Amino acid sequence: MHPLLLSALIQIESHGNDLARGKHGELGALQIKPIIVRDVNRLMGTSYAHAQVTNRATSIFIANAYLSHYARNLSDESLARIWQGGPKAIKRSSSRAYGRRVMRKLSSLETSQTTARK
């Protein structure tokens with residue numbers, strides 16, 4: 001997984017707002033759904049509450065755990081699609097636009113980081 005993928009997802013999902021709330025119960029900078037928290041708790045043996053994802057460090061831990069579980073030989077675009085629509089999203093054409101959008105944001109973040117180093 002690209003080191004800036006989560007940063008790109010944060011920008012796409014909430015523009016960096018840790019207190020963001022979505023229409024369907026998503027919370028935090030990464031707009032984490034309750035089902036993702038339950039899935040990570042099951043996978044990792046943790047006991048996070050959904051309300052805790054407004055904490056950036058907690059949301060990043062949950063996102064890393066979730067995506068790492070599905071990351072076996074998948075591209076960053078596929079991981080973005082999974083983030084948006086769950087593990088079966090890469091089989092649905094409806095998630096392609098989101099994946100491309102995240103990849104454009106990832107590319108712009110890489111460019112910004114390269115320019116900042118100069």
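The axes of helix 2 (residues 34-44) and helix 3 (residues 56-70) come within 10 Å and cross at roughly 70°, so the two helices are roughly perpendicular (65 to 115 degrees) to each other. This is a predicted model, where local features need pLDDT of at least 70, side-chain atom pairs count only at pLDDT 80 or more, and totals for chains, interfaces and linings use all residues. Residues are numbered from 1 along each chain as its sequence is written, and side-chain values use heavy atoms, with hydrogens and water left out.

**Where helices 2 and 3 meet**
- Helix 2 brings Ile 36, Val 37, Asp 39, Val 40, Leu 43 and Met 44 into contact with Phe 61, Ile 62, Ala 65, Tyr 66, His 69 and Tyr 70 of helix 3 (contact means heavy atoms within 4.5 Å).
- Sort those residues and you get 10 nonpolar, one polar and one charged.

**Salt bridges**
- There are two salt bridges here (a side-chain nitrogen of Lys or Arg within 4 Å of a carboxyl oxygen of Asp or Glu).
- Asp 18 pairs with Arg 56 at 2.6 Å, N to O; Asp 18 sits in the loop between helix 1 (5-14) and helix 2 and Arg 56 in helix 3, so the pair ties together parts 38 residues apart in sequence.
- Asp 39 pairs with Arg 42 at 2.4 Å, N to O, and both lie in helix 2, three residues apart.
- Asp 39 is buried at 13% relative accessible area, while Arg 42 is exposed at 58% (buried is under 20%, exposed over 50%, with a 1.4 Å probe and protein chains only).

**Helix 4**
- Helix 4 (residues 76-85) is mostly covered, with seven of its 10 residues buried, including Leu 79, Ile 82 and Trp 83.
- Just after helix 4, Gly 86 has a positive phi of about 90°.

Notes: Axes are lines fitted to C-alpha atoms, for helices over the stretch in contact, and angles run from 0 to 180 degrees between N-to-C directions. Helices (H or I, at least four residues) and strands (E, at least two) are DSSP runs, numbered from the N terminus. Angles under 35 degrees count as roughly parallel, over 145 as roughly antiparallel, 65 to 115 as roughly perpendicular and the rest as oblique. Ala, Val, Leu, Ile, Met, Phe, Trp, Tyr, Cys and Pro count as nonpolar, Asp, Glu, Lys and Arg as charged, and the others, Gly among them, as polar.
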